[in-house]
Amino acid sequence: KPINTWILSKLVNKNAYFKDAMFWHDETNHKTEWFANISRPYEKFFIKYILENTCEKDIILDICCNQGRFLKELHKNNYRNLFGFDIMKPAIKLLKNTEEYKKGGIQADCCFADEYLLNCKNNYFDYAITYSATIELIHPSFNIFEELYRITKKGFIIAIAENLHTYPRFYRYMINKVGFKKIKVYKLNKSITLLHYEKSI
């Protein structure tokens, strides 16, 4: 964690970044069906928490949304300002063929995380959300929390494995450093923690 937080964060490695992302580009290593439904109790808690702490008018971005299981659930609850992106092309194709997407209110793109976020306008989204095995796989040289502070009006609600995956970091230190304030930190299970942080009012 110290290496990823303070050393790798200073060493921009585009080759590593590209390799990390392309691992998820198709279904060679991971299948979209694994991320098709909200089925586990902690996934259900996560979406329930989002519904209870945001409102229908909020503009919400799902980072690395895969085939959009959380976006579709928000859509079913009358949210219509929904955005998502993912590097996995088959997943985005599946999302765009769903009934929810075709009804309007969801926009989705297939692209790299840095490419998408760096092209977002300041304070465009109310909230960003993401569920595990997303931020933890992004190379530390891209400070995603600085970008989230820039592009959100209110804050973010994420579920991450703080001590697992490719680049474990001192996430809460990084989040506090850019200016977010803690609203809730809750253990969903042994490895995944829900983090709800917002901008200071």
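Modeller: K103 is exposed, with a relative accessible area of 58% (exposed means over 50%, buried under 20%, and partly exposed in between, using a 1.4 Å probe and protein chains only). Its salt-bridge partner is E99, and the closest N and O atoms of K103 and E99 are 3.1 Å apart. A salt bridge here is a side-chain nitrogen of Lys or Arg within 4 Å of a carboxyl oxygen of Asp or Glu. E99 also counts as exposed, at 54% relative accessibility.

Before we go on, please keep in mind that this is a predicted model: local features need pLDDT of at least 70, side-chain atom pairs count only at pLDDT 80 or more, and totals for chains, interfaces and linings use all residues. Residues are numbered from 1 along each chain as its sequence is written, and side-chain values use heavy atoms, with hydrogens and water left out.

Now to E100, whose side chain meets that of K76 in a salt bridge of 3.8 Å, N to O. This pair links distant parts of the chain, with E100 in helix 6 (residues 99-102) and K76 in helix 4, 24 residues apart. Helices are DSSP runs of H or I with at least four residues, strands are E runs of at least two, and both are numbered from the N terminus. E100 counts as buried because its relative accessibility is 12%, while K76 counts as exposed at 55%.

Helix 4 (residues 69-76) also packs with helix 3 (residues 41-53), at an angle of about 45° and with the axes 11 Å apart. That makes helix 3 oblique to helix 4; angles under 35 degrees would be roughly parallel, over 145 roughly antiparallel, 65 to 115 roughly perpendicular, and the rest are oblique. The axes are lines fitted to C-alpha atoms over the stretch in contact, and angles run from 0 to 180 degrees between N-to-C directions.

E162 is buried, with a relative accessible area of 10%, whereas R172 is partly exposed at 35%.
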